[in-house]
Amino acid sequence: MHNYKSMKLMNFSEVTGPQFHKVHVGVGHRLDAFSSGVLVLGIGKGNGVLEHLCKSHVTRDYMLEGEFGKATDNFTHTGRVIEKTTYDHVTLDKLERVLAMIQGANQKALIMYSQVDLHTQEAYELAVRGLLYPHGKSPPILTGLRCIHFNPPHFTLEVQCVNETQKYLRKLIHEVGLELRTSAVCSGVRRTRDGPFKVENALTRQHWTAGSIIQAIAHFSKATRKIRKLEMYKQTAGQLNSNAQVQEQTRMCENLVKTYSKRLTSVIATKGYITKY
Amino acid sequence: MALVSLRSCGRRGFHLGLSAYVTRPVGTPRKREQQDDTPVFQYVGQHRKPQGKVFVWGYTGALGIPSFVVPDSGRKKPRKYQLTPYHLDTEQKISSAACGYGFTLLASNSRDLTKLWGMGLKKDSQLGFQRTQHDRYKSYDYVLEASPVSLPLVNPQETRVLQVSCGRAHSLVLTDSEGVFSMGNNAYGQRGRKIVEDEVYRFVLQQYKSSVACGQDHSLFLTDRGSVNACGWGADGQTGLGYHNKASCPVPVGGDLAGVKVQQVATYGDCSLAVSTDGHVFGWGNSEYLQLASVTEATQISSPRLLALRGVGRGRQAACGVTQVAVLNEEGEVFVWGFGILGRGPKLSESAIPERLPATFFGRSESNPTVKVSSIRCGLNHFAAITDRGELFVWGKNMRGCLGIGKHDQYFPWRVTVPGHVTDVARGVDHMVALVRSII
């Protein structure tokens with residue numbers, strides 16, 4: 001005798017369709033286990049855009065919490081303590097001097113890794129406008145660094161960087177401590193911005209529902225389209241050789257991105273162009 | 001440290017070797033009593049003051065590090081050029097430095113008996129007289145290490161050395177109470193005394209001066225009242241005395257400078273500049289490279305003329321090279337003109353009117369909008385600028401590594417990586433000395 005209840009039409013997936021769709025979800029710039037903050041994900045066709053985002057050398061903003069007085073093996077406050085030092089000689093003035101020195105060295109690195117021949121007039125023109133940017137493979141470079149909060153032994157730094165890893169940022173805190181003749185550990189790394197994706201638009205745990213996700217995707221659809229278009233132009237610009245055509249591309253791209261944000265600038269160097277958000 | 005780790009492992013027993021196998025979750029912090037066992041190190045006291053250091057780079061003969069020229073170990077090879085800043089160990093804090101053509105003078109502001117050290121060429125006894133071991137009446141031709149230079153001071157334990165300045169083969173030392181001492185070649189009277197054949201000794205100029213500047217073969221003295229005196233070779237009119245002969249005694253300079261209170265004089269080659277207290281710039285001397293083209297079409301001016309520099313504003317400091325000049329105004333902006341690598345890219349190699357260098361080169365950006373240049377110096381074919389944040393920027397022709405950034409020429413201002421705040425820099429033909437204050 002057949003069980004008629006189990007033979008209802010709606011139990012067959014050929015009738016109703018599959019219950020779950022498989023979607024590919026990809027991750028943009030990684031965030032390790034110790035850190036928190038904005039993590040950009042791509043769903044379905046958005047994964048292609050993720051790749052372009054990674055290649056476009058966008059800057060990322062971080063808030064780093066540090067604590068003077070000890071040095072650990074993994075540069076965090078949870079690691080094994082290697083050494084403890086005094087920190088009563090550290091003042092905000094000395095910390096700012098050290099940060100200024102680090103920033104100076106990084107600004108030099110920005111130009112050095114831009115892969116533009118520095119003995120040409122074009123390099124000079126780009127350098128005047130502050131548009132020389134690292135292109136291709138480069139070590140982590142900080143484009144901005146400042147101290148937000150100082151209350152010894154705790155302090156907070158805000159950094160903008162390119163090509164970084166979170167371990168490098170924790171090591172940066174350790175090196176700031178070394179320059180001040182003390183030791184420092186990192187007690188928190190928080191990413192507040194990844195390219196055009198800011199922490200204000202990020203979805204927190206209670207908003208991980210289909211409705212909010214669809215809304216967020218719609219909110220960033222313009223930004224996604226821009227990233228896709230910029231990458232297309234980058235590929236075509238790489239094939240062009242003459243200066244005149246390259247300049248025309250610059251103008252077209254500049255008109256395109258002007259609508260997005262005041263801080264978005266683009267430049268075409270001999271190989272491609274670099275986008276800064 | 002071994003004792004400490006033994007104590008901290010005490011709770012697990014005497015199993016030092018097995019500690020690698022004991023796993024702990026990463027997020028768990030260690031217990032309080034284990035943390036308090038670790039000794040606390042103090043590297044720096046609470047009242048530590050920043051220290052002064054000296055960094056040198058360029059042609060190694062004049063840097064004062066003997067192991068560059070004569071290696072002290074078999075592994076090292078003799079080096080001709082030091083392309084990046086190198087720390088020079090000095091016994092005392094150096095307050096003033098000057099580089100000449102192949103030699104360097106370092107002076108400290110102290111009241112000790114030894115106030116002055118010199119290294120490099122001393123064939124014309126531009127670094128004083130040091131008796132050799134073999135002959136009491138002969139001096140060395142060059143010294144590789146910073147050797148003390150003795151001055152015939154009346155009160156050696158009271159007088160302080162304020163400033164030193166070096167020219168091609170002569171040097172001037174300014175003290176606070178005993179006037180100016182000059183050493184070296186006097187073939188053109190640049191030392192300010194009567195020309196005597198086969199000169200060996202030093203000479204004292206007794207009037208009170210507030211600063212000195214040495215050109216190639218002439219000297220300029222600035223008195224505390226703001227008047228300028230000059231002596232030496234004058235074929236290009238660089239003495240500013242109105243004639244083209246040599247002057248062997250310091251003579252007050254007239255022309256447009258008569259009655260004007262001058263705050264700073266600068267000279268290096270055959271062109272001289274002076275900045276008055278109200279911000280006007282005066283120039284005289286060689287103008288073959290358009291240094292003084294704003295007032296004259298001639299190739300030399302023998303008497304100071306007021307330079308009408310458009311767009312510069314109030315001048316604060318001037319610096320002269322051989323073929324190029326630079327002026328720093330009150331807002332901290334740098335203007336360059338002349339001939340050579342001026343700092344605006346490889347295309348601009350000659351300019352008769354002052355060209356402003358954009359402040360983005362000196363570190364001005366969105367995060368640092370108020371960076372200004374605080375002082376500017378000019379060497380033979382290169383420039384050096386120090387910002388108010390203590391960073392040193394150089395540009396120009398890189399002769400034998402004098403820029404400190406490698407081997408290549410630099411067409412726009414580029415940072416020199418020095419561990420500390422640069423307070424002063426002395427520039428020479430092919431080497432530079434930077435006086436640096438440590439960060440902490």
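A disulfide, for what follows, is a pair of cysteine sulfur atoms within 2.5 Å. With that cut-off in hand, and bearing in mind that this is a predicted model, a search of the whole structure, over all chains, comes back with zero disulfides.

Let me take two cysteines of chain B as examples. The sulfur of Cys231(B) has its closest cysteine sulfur in Cys249(B), at 7.8 Å, which is too far for a bond; Cys231(B) is also buried, with a relative accessible area of 0%. For Cys320(B) the closest cysteine sulfur belongs to Cys271(B), and at 4.4 Å that is again too far for a bond, while Cys320(B) itself is buried, at a relative accessible area of 2%.

Turning to chain B as a whole, its secondary structure comes to three helices and 29 strands. Of its 440 residues, 53% count as buried, and among the contacts in chain B with a separation of 6 or more, residues 24 or more positions apart account for 50%.

Now to the strands themselves. Strands of a sheet pair through backbone hydrogen bonds, either parallel or antiparallel. In chain B there is an open sheet of four strands, in the order β4-β5-β6-β7, and the pairing is antiparallel. Why is one side of β4 and of β7 in chain B left without a neighbour in the sheet? Because β4 (96–99) and β7 (142–148) of chain B stand at the edges, where each has a single partner strand. Neighbouring strands of this sheet are turned by 5° against each other on average, direction ignored. Within the sheet, strand β5 (residues 103–107) of chain B is joined to strand β6 (residues 116–121) of chain B by five bridges, and Thr104(B) has Met119(B), in β6(B), as its bridge partner.

Five bridges join β16(B) to strand β17 (residues 271–276) of chain B, and the two run antiparallel; Val262(B), for instance, has Ser276(B) in β17(B) as its bridge partner.

For a loop position, consider Glu330(B), found between β21 (324–329) and β22 (334–339) of chain B. Is Glu330(B) buried or partly exposed? With a relative accessible area of 33%, Glu330(B) is partly exposed. Leaving aside neighbours within four places in sequence, Glu330(B) is in contact with Arg314(B), Gly315(B), Arg316(B) and Lys372(B), and its C-alpha atom is separated by 9.1 Å from that of Ser374(B), 44 residues apart along the chain.

Finally, the interface. Chain B and chain A bury about 3500 Å² between them, with 58% of it on carbon and sulfur atoms. In chain B, Trp414(B), Ile439(B) and Ile440(B) lose the most area to chain A, together 18% of what that side buries. The contact takes 47 residues from chain B and 31 residues from chain A.

Notes
Residues are numbered from 1 along each chain as its sequence is written. Chains are lettered from A and ligands numbered from 1 in the order in which they are written. This is a predicted model: local features need pLDDT of at least 70, side-chain atom pairs count only at pLDDT 80 or more; totals for chains, interfaces and linings use all residues. Side-chain values use heavy atoms; hydrogens and water are left out. Two strands pair if DSSP finds at least two bridges between them. Axes are lines fitted to C-alpha atoms, for helices over the stretch in contact, and angles run from 0 to 180 degrees between N-to-C directions. Buried means under 20% relative accessible area, exposed over 50%, partly exposed in between (1.4 Å probe, protein chains only). Contact means heavy atoms within 4.5 Å. Buried area is the accessible area (1.4 Å probe) that two parts lose on being put together, summed over both.
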